[in-house]
2 protein chains.
Amino acid sequence: MNSSAWKAAGCGVALAIVAGSAFAAPKPEDEIRYRQSVFNVIGRNFGGVLGAIAKGERPYDQAEAVKAAKLVADLSTLPFASFGPGTDAGASHKSSPKIWEDPAKFQSLADKFQLEAAKLPAAAADLATLKAQVAETGKTCKGCHDEYRLK
Amino acid sequence: MNSSAWKAAGCGVALAIVAGSAFAAPKPEDEIRYRQSVFNVIGRNFGGVLGAIAKGERPYDQAEAVKAAKLVADLSTLPFASFGPGTDAGASHKSSPKIWEDPAKFQSLADKFQLEAAKLPAAAADLATLKAQVAETGKTCKGCHDEYRLK
């Protein structure tokens, strides 16, 4: 498939964004938008689906819960690579400058979130284990937000 | 976990967004932002990862390709529920008014995209099959964008 065929396929814009690659550096504004997009999708599936089930505000449906849990687990691996050097500015965001002052500390909290999020799919097979794992994962959301998300 | 514990866990905002549920109707601006977020994550993983591999701009790594393919397949199931009645306005977007004039026609193109996206994970196990399936999926992107995405 040659370059013009790709453009014809409507993929030109998307192809300009090559994430986490040595071949093209994404622009800071694209990195900011990407991490915000990932967190938005995580937020709806974690809080809006799993959290609502855990709170009893939404009925427990195993297939729906497992689907949302897998999404959260998979998406949890994506956003943190988009907090690289230079992505502290370029678009409006709520990320604290402290992230870029001590990236290792930020990453340690990101690791905790990813560790707990990875347990969600198995936990989602049963309502009681889902509730417990949603609570554990929620603590890691809060731990990072308290420290690194501006009001 | 009671309501105040949930708020303490930092999930209050996310919990206010209960997607696809009879329990709370998301605001149009949240629906618009959600579908844009999903398409942004799809775009980077489809165009930026799988498309770049298919074009030879990024080396083929089976594990990376399968991961991106699964993400695209899973995410492809999410955005179209957020084009419901009343979500044609409320925030800036590029979706054509034609979507809301004939939702069934729009859904038929969405179905084609989902059908091809669902084939990506298996196809990603091999570079040649991945290239072919990226091309097929890309046609469904273009088919919908040409008709329903404003310039």
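Student: In this predicted model, which residues does B:Leu50 touch, not counting residues up to four places away in sequence?

Tutor: Contact here means heavy atoms within 4.5 Å. With residues up to four places away in sequence set aside, the partners of B:Leu50 are B:Asn45, B:Ala65, B:Ala68, B:Ala69, B:Val72, B:Leu120, B:Leu130 and B:Val134.

Student: Which residues have the most contacts inside the largest nonpolar core?

Tutor: In soluble globular proteins, nonpolar side chains tend to be buried together. The largest nonpolar core in this model has 65 residues. Those with the most contacts inside it are A:Leu50, A:Leu75, B:Leu50 and B:Leu75.

Student: How many residues of helix α3 of chain A are buried?

Tutor: Buried means under 20% relative accessible area. Helix α3 of chain A covers residues 28-55. It is largely enclosed by the rest of the structure, because the number of buried residues among its 28 is 21.

Student: Is A:Gln133 buried or exposed?

Tutor: A:Gln133 lies in helix α8 of chain A, residues 127-148. Leaving aside neighbours within four places in sequence, A:Gln133 is in contact with A:Glu116, A:Lys119, A:Leu120 and A:Ala123. The relative accessibility of A:Gln133 is 11%, so this residue counts as buried.

Student: What secondary structure does chain A have?

Tutor: From the N terminus on, the elements of chain A run α-α-α-α-α-α-α-α. The tally for chain A is eight helices and zero strands.

Student: Where in chain A is the pLDDT below 50?

Tutor: Chain A averages a pLDDT of 88, and 84% of the residues score at least 70. One stretch with pLDDT below 50 has 40 contacts in the model beyond near neighbours in sequence. Where pLDDT is low, the predicted coordinates should not be read in detail. The stretch in chain A is residues 1-22.

Methods
Residues numbered from 1 in each chain as written. Chains lettered and ligands numbered in written order. Predicted model: local features only at pLDDT ≥ 70, side-chain atom pairs only at ≥ 80, totals over all residues. Heavy atoms only, no water. Helix = DSSP H or I, 4+ residues; strand = E, 2+ residues; numbered from the N terminus. Core = buried A, V, L, I, M, F, W, Y, C linked by side-chain atoms within 4.5 Å. Buried < 20%, exposed > 50% of the residue type's maximum accessible area, 1.4 Å probe, protein only. pLDDT = per-residue confidence, 0-100.
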